[in-house]
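This report goes through a set of side-chain pairings, the nonpolar core and some surface and loop features.

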Amino acid sequence: MTERKPPGVPFESWVDKQIQDAQARGDFDRLPGAGKPLPDPAGTSYDENWWIRQKLAREGISVLPPALELRKEAEEALAAALRAPSERLVREIIADVNARIRDMLLKPPPGPPLGRKPYDVEDVVRRWREGRAE
């Protein structure tokens, strides 16, 4: 623990002295990552909101309006259903997404319109069967 700042000494010069003393003792030598740039997890150019994006991703928070997020989930659910290993799973996936779509259609829109209607389960099963036959 560091000593307390003496009265009458400006804070900036006291902090500078603490840093200089630590450097003289070698406290900053051989730190991990010394002399290397901070890692860029996305591998992209500098983004001043990188920390916000990392927090949202880490906590699984979406920034899309609910209707757009459901539209994205519906497209992903259809793709997952067409790759499903069994007809029972196809029906479960489509029934789940259809229930959420119907629920969204019955509520006042919280954002842009959904622009999606429930899938025809039999049509998806037919497409799934055709995909399996190939």
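Arg100 and Glu73 form a salt bridge through their side chains, with an N to O distance of 3.0 Å. Since Arg100 is in helix 4 and Glu73 is in helix 3, the pair ties together parts 27 residues apart in sequence. Arg100 is partly exposed, its relative accessible area being 34%, and Glu73 is also partly exposed, at 28% relative accessibility. The model is a predicted one.

A salt bridge also joins the side chains of Glu87 and Arg129, at 2.7 Å from N to O. Glu87 belongs to helix 4 and Arg129 to helix 5, so this pair links parts that are 42 residues apart in sequence. Glu87 has a relative accessible area of 24% and is therefore partly exposed; Arg129, at 44% relative accessibility, counts as partly exposed. Through shared partners, salt bridges connect Glu87, Arg91, Glu122 and Arg129 into one network.

## Salt bridges overall

The whole structure contains 14 salt bridges. One of them pairs Asp27 with Arg25, whose closest N and O atoms are 2.8 Å apart. Asp27 is partly exposed with a relative accessible area of 41%, whereas Arg25 is exposed with 57%.

## Nonpolar core

The largest nonpolar core consists of 17 residues, and those with the most contacts inside it are Val90, Ile94, Val97, Ile101, Leu114, Tyr119 and Val124. At least two core residues come from each of helix 3 (66-83), helix 4 (87-106) and helix 5 (121-133). Helix 3 contributes the most, with 6 residues.

Leaving aside residues up to four places away in sequence, Ile94 is in contact with Leu78, Ala81, Tyr119, Val121 and Val124.

## Surface patch

Tyr46, Trp50, Trp51 and Ile52 make up a nonpolar surface patch of about 510 Å². Trp50 lies in helix 2, which covers residues 50-59. With a relative accessibility of 45%, Trp50 counts as partly exposed, because this value falls between the 20% and 50% cut-offs.

## Loop and helix 1

Arg30 sits in the loop between helix 1 and helix 2. Its phi is positive, about 55 degrees, although Arg30 is not a glycine. Most residues other than glycine have a negative phi. Arg30 counts as exposed, at 77% relative accessibility.

Ser13 is located in helix 1 (residues 11-25) and is partly exposed at 36% relative accessibility.

Notes: Residues are numbered from 1 along each chain as its sequence is written. This is a predicted model: local features need pLDDT of at least 70, side-chain atom pairs count only at pLDDT 80 or more; totals for chains, interfaces and linings use all residues. Side-chain values use heavy atoms; hydrogens and water are left out. A nonpolar core is a set of buried Ala, Val, Leu, Ile, Met, Phe, Trp, Tyr and Cys residues joined through side-chain atoms within 4.5 Å. Buried means under 20% relative accessible area, exposed over 50%, partly exposed in between (1.4 Å probe, protein chains only). Helices (H or I, at least four residues) and strands (E, at least two) are DSSP runs, numbered from the N terminus. Contact means heavy atoms within 4.5 Å. Patches are made of residues with over 30% relative accessible area and no salt bridge: like charges are joined within 9 Å, nonpolar side chains (Val, Leu, Ile, Met, Phe, Trp, Tyr) within 5 Å. Accessible areas come from the Shrake-Rupley method with a 1.4 Å probe; for residues, only the protein chains shown count as cover. A salt bridge is a side-chain nitrogen of Lys or Arg within 4 Å of a carboxyl oxygen of Asp or Glu.
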